[in-house]
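Please look at the sequence and the structure below. Keep both in view as you read the report.

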Amino acid sequence: MKRRQFLSLTTAALAAPTLFVRRANAAEPGAPLPVPEVMDVGPGSGNNLEAIRSTREFVAGVRSDTLGYSQDYLGPLLRFRRGQTANIDVTNRIDAPITAHWHGMHVPGHLDGGPQLAFGPGETWSPELPIDHPAATLFYHSHVHGRTADQVYRGLAGLIVIDDPDIDDPLPRDYGVNDFPLIVQDRSFDGAGRMTYDIGMMDLMQGFHGTEILVNGAIRPKLTVPAGLVRLRLVNGSNARMYNFSFTDGRTFHQVASDGGLLTAPISMTGLRLAAAERAEIVVDFSDRAAVRLVSTRGGSGMMGGGMMGNSGMMGGNGGMMGGGAEGSPLEILSFEIADARNPGPARLPEALPAPVVDLGEPVRRRDFTLNMHAGNMMGSMLNNLIGRDGQIMGINDESYDMGRIDLQVPHGETELWRINADMAMHPFHVHGTSFQVVTQNGRSVDPVRIGWKDVVHVEGPTEILLRFDKRAAADAPFMYHCHILEHEDAGMMGQFTVL
Ligand code: C2O
Ligand code: CU
Ligand code: CU
């Protein structure tokens, strides 16, 4: 009897989004890709970001409540120059604390925008950032403990591009012509077409998975590109979803950069996996002028092998409701149209790239991290924990995040080997303050040439990373390490450390 009621509820829940998807198909997808406005951030005043509350019509005629940095949803693309100082004033015009964290950038803890640097309504935070990072595609987002998932979901995130005047970038680099940033996010909408973020226990466990894919804030848009080589800077800005990108005609493309900057050489591939917060720059050849689409496989949610909380069954927020597609059909991300415009970029890819070279040497110490889906108790007591401990049910090394506790003291300038594992499920593990090299993943050694410099690594088995901190972080503004499934991070799967 109980089971029957449950099933009928589930059927109703499935029916509603399907209705909406038909409307959305008629109204939105296929609109031109929004290309973010660029803010060149150098020394001096005048670079302002204002966190605001706003609304946006993701679906024509329907306003959704949103947050943004100086715009209705997301923020401008911040362009920094290596070797320069960048001054930026971030003002909080919403009714809750926020931060601006420069994800992936090598800056000291007090400039990093982590949870300890939250600032309240009406306040302005004015960091002076010494830009000391190789050319790369990064992003920024709010990072207030317990509110990160919600604030990022509603729009407090944006793209960062770092240029290095000392390298000769041999790749397409005419912004908005043959070089495009793509922040890919999944979002859910109610029957009326309003963006929603209602998370239940299931979403908490596997991380939120939305029913629509947005690129730069538009639902499944279209991008017009010139024939020839085009660079796409992919940022997985989703709360939890992992993508397996490919093109509908199965074409080969080349990855040229990962999280921390350029690879040593373009790597050819037909599919690219990006977990939450990972980035990759790819170069795609559109010389054949064929209209293709960028798609992703479904699935790939946080739960191991789709096991306990299977991501494809009727309980999954991940299932086959998107675009009216059946289970197993790809997720539509972005469609391409080829224009007659001249492509000012190079006609072919170079064989080698000016990748950042740093020799980390041998580690002087090792540390172990276990990501816990339940810090302390098992499933049965989770609901109690949710209420009793303010949602802090997850952890690392059996402790939920505590802003008042320093978990590690890492000496400045010493190479360490970190071994990361998980007691359950898969997690994108992120470290602030540096880029790292992945040594082994899933127990197997990896080819560093294919992986490059990372600040997020997808942990699906024993994983080892090699890292060294050249920036300092004191106890009042420590660096974080955490799962970048934002629901897990907010639930306590985070720790913090000083570098002195
Ligand atoms: Cu993208 Cu700790 O952050
Ligand atoms: Cu970060
Ligand atoms: Cu996680």
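Predicted model: local features only at pLDDT ≥ 70, side-chain atom pairs only at ≥ 80, totals over all residues.

**The copper ion (ligand 2)**

Two histidines coordinate this ion: H101 through NE2 and H430 through NE2, at 2.0 Å. They come from distant parts of the chain, 329 residues apart. H101 sits in strand β7 (residues 101–103), and H430 in strand β29 (residues 427–431).

**The copper ion (ligand 3)**

Here the donors are H427 (ND1), C483 (SG) and H488 (ND1), at 2.0 to 2.1 Å. Along the chain, these donors follow the spacing H-x55-C-x4-H. H427 lies in strand β29 and C483 in strand β34 (residues 479–483), so the pair ties together parts that are 56 residues apart in sequence.

**A residue in strand β17**

V230 belongs to strand β17, which covers residues 229–236. Which residues does V230 contact, leaving aside its neighbours within four places in sequence? They are P172, N178, F180, V225, I282, V283, V284, F286 and N343. Take I282: it is 52 residues from V230 in sequence, yet their C-alpha atoms are 8.2 Å apart in space.

**Buried or exposed?**

Residues under 20% relative accessible area count as buried. The table applies this cut-off to residues named above.

| Residue | Relative accessible area | Class |
|---|---|---|
| H101 | 1% | buried |
| V230 | 0% | buried |
| H427 | 0% | buried |
| H430 | 0% | buried |
| C483 | 0% | buried |

H101, at 1%, is buried because its value is under 20%. The value for V230 is 0%, so V230 is buried too.

Key. Residues numbered from 1 in each chain as written. Chains lettered and ligands numbered in written order. Heavy atoms only, no water. Helix = DSSP H or I, 4+ residues; strand = E, 2+ residues; numbered from the N terminus. Buried < 20%, exposed > 50% of the residue type's maximum accessible area, 1.4 Å probe, protein only. Contact = heavy atoms within 4.5 Å. Donors = N, O, S within 2.8 Å, 3.2 Å for Na, K, Ca; no water.
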